[in-house]
Amino acid sequence: SKGNVVDPLLLIDKYGADALRFFMCAMESQGRDVKMDERRVEGYRNFATKLWNAARFCMANGIGASQGIAPPSSAKPVSAWIVSKTLECVGKIDRAMDALRFDDAAHAIYHFTWGTFCDWYIELIKGDVDAETKAVAGWVLDQILVMLHPFMPFITEELWHALGDRENDLIVARWLTSWATIDNLTINFGPYRVELGASEQIDWVIGVASAIRGAKNEMGIPPGARLAAFVTDSAPIVGQYIEANRAALANVARLEVRYPDRAPDGPAMRIPVGLATLVIPLEGVIDIAAEKARLEKALAASQKEAKSLEGRLSNPAFAEKAKPEAVEKARADHAHHSAEALRLAAALERLE
């Protein structure tokens, strides 16, 4: 009825037309109504801001419009990695659009743009923007604008022209797979082929960085602290990963990896990272005894609370007499404290 609807013009005034369009696409799922959530619209406005800032970083580092639709030469592992991830994203969007799943298409470009390109790729190339990086980054950013244009036409058109002189507007730019063909996990570009997932070593570097950041947070170590790391229990290929990506490990993980040196004796943190275990000496980094005491105290508190909630939930009288919201809260609290206990126990195990 009149007066009982959301006025899109008010949301556009507050968050922009692009954010509202993206919200409607991302929330569109076959067989259900769209539940209005203004916080999600605000989040997609932040997404637009994230893209804008990434484009500004690129332009400030001499990265501009690409020279063609084919991927540039990718000799560096990080270049091959981002080209591979771009092609994977194109494939996901194509499949989602064919199935009329606009929500899946929106989520694919959102996670690729924010997580893969803005958060990881830009961090990986900082301080090492050479000619290859400029060509690859410009090509990837162009493909992002093409893929995102149906969802956010205004900011993408603006950035399309800001990145360089163009013969045409973005709306008539060629879609990548209108020129290439996809065959299983391979995209064919004229005379050559790009194997998807051909840059596992960068995925390994990102896994290391994520594990290190989590461990620092658990141990109260400042995020920017640079640590020395030694490698044990490693597969032979890990040595190749390290040698090819020392600068990336220093940039995104704040690690000086001393490979193949042996870790010195003394207190250390052990972090499994896939194909290897990192050993990080903690002498002079944290107070080991105090950290162990803190973790043990927090672990005991979480275990006690989880046990208490488990007893309450297993009591039939509680489930029968308590309000549904109280039962649901108890279940959520039990899950939280159980997970926290596991996290703290793992943190204790990392300390030798």
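Where is the place of Asp 233? I looked this up to start and found Asp 233 in the loop between strand 4 (227–232) and helix 9 (236–244). Helices (H or I, at least four residues) and strands (E, at least two) are DSSP runs, numbered from the N terminus.

I note that this is a predicted model, in which local features need pLDDT of at least 70 and side-chain atom pairs count only at pLDDT 80 or more, while totals for chains, interfaces and linings use all residues. Residues are numbered from 1 along each chain as its sequence is written, and side-chain values use heavy atoms, with hydrogens and water left out.

**Backbone angles**

I read a phi near 50 degrees for Asp 233, a positive value in a residue other than glycine. Asp 233 counts as exposed at 56% relative accessibility. For this I used these cut-offs: buried is under 20% relative accessible area, exposed is over 50%, and partly exposed is in between (1.4 Å probe, protein chains only).

I then turned to Arg 254, which is not a glycine but has a positive phi of about 55 degrees. Arg 254 sits in the loop between helix 10 (246–252) and strand 5, and is partly exposed, with a relative accessible area of 27%.

I also looked at Pro 260, in the loop between strand 5 (255–257) and strand 6 (268–272). Tyr 259 and Pro 260 are joined by a cis peptide bond, with omega about 10 degrees.

I found 20 residues in helix 8 (residues 200–219). From first C-alpha to last it reaches 29 Å, close to the 28 Å expected at 1.5 Å a residue; the expected span is 1.5 Å times one less than the number of residues. Buried residues in helix 8 include Trp 204, Glu 218 and Met 219. Gly 220 follows helix 8 and has a positive phi, near 75 degrees.

I located Glu 291 in helix 11 (residues 288–313). Glu 291 is buried, at 8% relative accessible area. Leaving aside neighbours within four places in sequence, Glu 291 is in contact (heavy atoms within 4.5 Å) with Glu 218, Met 219, Ile 286 and Leu 351.

**Cysteines**

How many disulfides does the structure hold? I counted 0 disulfides, a disulfide being a pair of cysteine sulfur atoms within 2.5 Å. Cys 58 is in no disulfide, and the nearest cysteine sulfur, that of Cys 118, is 8.4 Å away. Cys 58 is buried, with a relative accessible area of 0%. Cys 89 is in no disulfide either; its nearest cysteine sulfur is that of Cys 118, 12 Å away. I list Cys 89 as buried, at 3% relative accessibility.
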